[in-house]
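I opened this entry to look up the annotated sites and where they sit. My notes follow the display.

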Amino acid sequence: MSPANTATPVVSQSKRLVVKVGSSLVTNEGRGLDLAAVAQWAAQIAALHAQGRQVVLVSSGAIAEGMARLGWARRPNTMHELQAAAAVGQMGLVQAYEVAFAGHGLRTAQILLTHEDLSDRRRYLNARSTLYTLLDLGVVPIVNENDTVVTDEIRLGDNDTLGALVTNLIEAEALVILTDQSGLYSADPRKDPSAELISTAQAGDPALETMAGGAGSGIGTGGMLTKVLAARRAANSGGSTVIASGREPDVLLRLAGGERIGTELRALLPVRSARQRWLVNQLRLRGRVMLDKGAVQALTQGHKSLLPIGVIAVEGEFERGDVVACIDEHGVECGRGLINYSASDARRIMRQPSGKIADILGSMSDTELIHRDNMVFLRRPA
Ligand SMILES: Nc1ncnc2c1ncn2[C@@H]1O[C@H](COP(=O)(O)OP(=O)(O)O)[C@@H](O)[C@H]1O
Ligand SMILES: N[C@@H](CCC(=O)OP(=O)(O)O)C(=O)O
């Protein structure tokens, strides 16, 4: 048995949880809101509340429910039709949750987020304090992407990623992704009947991405791959992920009781500082700096600041203070941080010792390209 298998199941230890439910589950494979399922999850979340746990629910299903309400049999292709469907369906979603939770004496709140809300530090902090306030008030926040205002280029698209970002945002210890399968299998069980359920693994293990490569149900957008990637993202702020069937009776209560259900993808990284969690949450970065082997080692093993001498290429256009990725020679990201020089200055000082910065640029603001305090170190498991 691997060490991960002997550890206490994560949900049982978690005081703050994010639960994500996927479109095909919420809408009964696109046939329309599954009110019985919504009632089940609400009853379980109310019971978790009574145990003193805080829960944020990330629910998909707006587009699928909107399509059902509008009588559309096929998913539209155009963005504005998808946005219209989401606007119609979101009404049904929040109404269903409000009614279901009210039956347990709990209030709900609708939170619609975009990628930009989480990448802009001020809006990120605002969203965070609103969520914390709601949790302190004992309200259950119901989160979805703000589909009506996002375009193709900037949308997150799948709520697995959103669930992970919310996990990072509120420093939840666990992300529970409820879906239409019993968990992550060694291959897509719809196509390969011999596929086996993975019960525990380390979040971020690249082998998981190969297993989850297949497409999703057709109702949801992400498939299993986005769930595995979400687990990796949640792990960056110390959150572990469980992928389980939303149709399993009392799944949330049993997980909280310590039962092993579905797939647990454990975070082995330490919980990071608030600024590091914000850095981890950035999905689209302004640029990339490519490091030589020595600099990669200094970052990943020594957690040192990045000096210009270790940089062999600079990609993109960015200004001082922007977030950039540090990549190795194969393009794998090993860290990211707030850079002290613009892209044009960085190109001029790369490969040079810090002592030469003033000569090259005419002045020197910092000896480091990225200071370790403004950096988050990422290391994928071998
Ligand atoms: N290795 C795998 N294990 C389990 N399911 C997989 C795997 N690879 C692909 N899938 C597919 O992913 C689907 C779940 O993703 P999706 O439809 O996006 O769900 P949701 O709407 O819950 O996010 C499953 O129905 C399954 O067909
Ligand atoms: N925001 C979208 C969710 C997108 C989506 O399909 O997500 P998922 O089912 O979690 O893969 C909606 O509510 O329809």
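**Site by site**

I started with Asp147, which sits in the loop between β4 (140-145) and α9 (159-170). Helices (H or I, at least four residues) and strands (E, at least two) are DSSP runs, numbered from the N terminus. The model is predicted: local features need pLDDT of at least 70, side-chain atom pairs count only at pLDDT 80 or more, and totals for chains, interfaces and linings use all residues. Residues are numbered from 1 along each chain as its sequence is written, while chains are lettered from A and ligands numbered from 1 in the order in which they are written.

Is Asp147 buried or exposed? Asp147 counts as buried because it has 24 C-beta neighbours inside 10 Å. The cut-offs I used: buried means 20 or more other C-beta atoms within 10 Å of the residue's own, exposed means 12 or fewer, and partly exposed is in between, with C-beta atoms placed from the backbone.

I then listed contacts (C-beta atoms, placed from the backbone, within 7 Å). Leaving aside neighbours within four places in sequence, Asp147 is in contact with Ala62, Ile63, Leu82, Gln83 and Ala86.

**First record entry**

I checked UniProt next. Its unreviewed entry lists Ser60, Asp147 and Asn159 under "binding site". They are spread over 100 residues of sequence, yet they cluster in space, with a largest C-alpha distance of 11.0 Å. I note that UniProt positions are given in the numbering used here, feature names are shortened, and annotations may be inferred rather than shown by experiment.

Asn159 lies in helix α9. Asn159 is buried, because 28 C-beta neighbours fall inside 10 Å. Not counting residues up to four places away in sequence, Asn159 touches Lys20, Val58, Ser60, Asn144 and Glu145.

**Second record entry**

The unreviewed UniProt entry also lists other residues for "binding site", among them Lys20, Thr179, Asp180 and Met224. Thr179 counts as buried, with 27 C-beta neighbours inside 10 Å. Not counting residues up to four places away in sequence, Thr179 touches Gly22, Leu25, Ile243, Ser245 and Gly246.

Met224 lies in helix α11 (residues 223-235). Met224 is buried too, with 28 C-beta neighbours inside 10 Å.

**Domains**

The protein is divided into domain 1 (3-276) and domain 2 (285-377); the bounds come from an automatic or database domain assignment. The C-alpha centres of domain 1 and domain 2 lie 35 Å apart.

Notes: Two residues are in contact if their C-beta atoms, placed from the backbone, lie within 7 Å.
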